[in-house]
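Hi,

Have a look whenever you get a minute.

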Amino acid sequence: MKLEGIHHVSAITADVNKNHAFFTGILGMRLVKKSVNQDNPSSYHLFYADAVGTPGTDMTYFDIPVAGKTYPGVSSISSTALRVKSEAALNYWISRFEGYQVPHGEIEQRFDRPTLSFQDFEGSRLMLVVDDGTGIEYGIPWTKTGIPEEFAIVGLGPVQLTVRKPEKTATVLTDILGFEQIGSYPSSIDGMPDILVFSTGKGGPAGEVHLEERTDLPPERPGRGSVHHVAFRVKTFEEYSKWNEHLRSNGFVTSGEVDRYYFKAIYFREPNGILFELSTDEPGFATDEPMEELGENLALPPFLEPKRTQIEASLRPLTLND
């Protein structure tokens, strides 16, 4: 069994309308699915991705209006990267961010790649990373927002895990999930060890997890802008059926096999408390909507469809197209 890279990253927003405006209007990603939290269908779950919802390109947000401020700390997914094709793209994004008053850093080298950190209006810790195309393939850019194709976001890059005891998480990544440690780079925090880099699948930024040790921080108190979980790609249903047994035989408590309709999932926590998900590439977001209409209407999985009237009545109004 071999994981193919990052499948998606799911985070929290307290203002779904501003969240949509940021990810579609500023970042130029496509809303490929407007659905609900299947475990709490009174709130929305929005999926932003490339033009066709390719696995490994989607950043998702749970709509939790009462979410408070995030207090960063350990046992967290502390940064999520989005891939672009060149350093020229980073310069384009600096100009765009300044035009929209998006907080951002300077171009910095991380693991020998140019990167640009930035935040959304809720403090989501995000980063653009240059992918030279030597690893996992690019997604298909969504160009209907006016962003030039050569500068557009083409998928997810590395996630950074911030933990107090990296050895335990590293063991899960390598011995349980099959990642390979391929290197390290200096931490930006004085006195902290180097950040370790782990890779899976075809490699490159889309197949990496970066592991940061921080002994100076308390546990994160998650809120708006924080990341709920990271999911890794399972290529086939055949492999998916084996993963739950593999995890449980190695002592992990799992969710069991969960059918999310657009993909199948298994959830478990690694020793530092971060929630991992294993998700299948198939069947994908076009299962219940034509490709050209993705994200335009409220999509519900079959088990929730009989409750559509009740669910729609419980959801607060959206003004996504205003």
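**Surface patch**

V52, I140 and M291 make a nonpolar surface patch of about 210 Å². (Patches take residues with over 30% relative accessible area and no salt bridge, joining like charges within 9 Å and nonpolar side chains, Val, Leu, Ile, Met, Phe, Trp or Tyr, within 5 Å; areas are Shrake-Rupley with a 1.4 Å probe, and for residues only the protein chains shown count as cover; a salt bridge is a Lys or Arg side-chain nitrogen within 4 Å of an Asp or Glu carboxyl oxygen.) M291 is partly exposed at 32% relative accessible area (buried is under 20%, exposed over 50%, partly exposed in between).

This is a predicted model: local features need pLDDT of at least 70 and side-chain atom pairs pLDDT 80 or more, while totals for chains, interfaces and linings use all residues. Numbering starts from 1 along each chain as its sequence is written, and side-chain values use heavy atoms, leaving out hydrogens and water.

**Sheet**

An open, mixed sheet has 8 strands in the order β6-β7-β8-β5-β9-β12-β11-β10 (strands are DSSP E runs of at least two residues, helices H or I runs of at least four, numbered from the N terminus; pairing takes at least two DSSP bridges). β6 (104–110) and β10 (180–185) are the edges, each with a single partner strand, so one side of each has no neighbour in the sheet. β10 runs antiparallel to β11 (195–199), joined by 5 bridges, and Q181 sits opposite F198.

The E282–P283 peptide bond is cis, omega near 5°. D112 has a positive phi, near 60°, and is exposed at 74%.

Cheers

Note on methods:
Buried means under 20% relative accessible area, exposed over 50%, partly exposed in between (1.4 Å probe, protein chains only).
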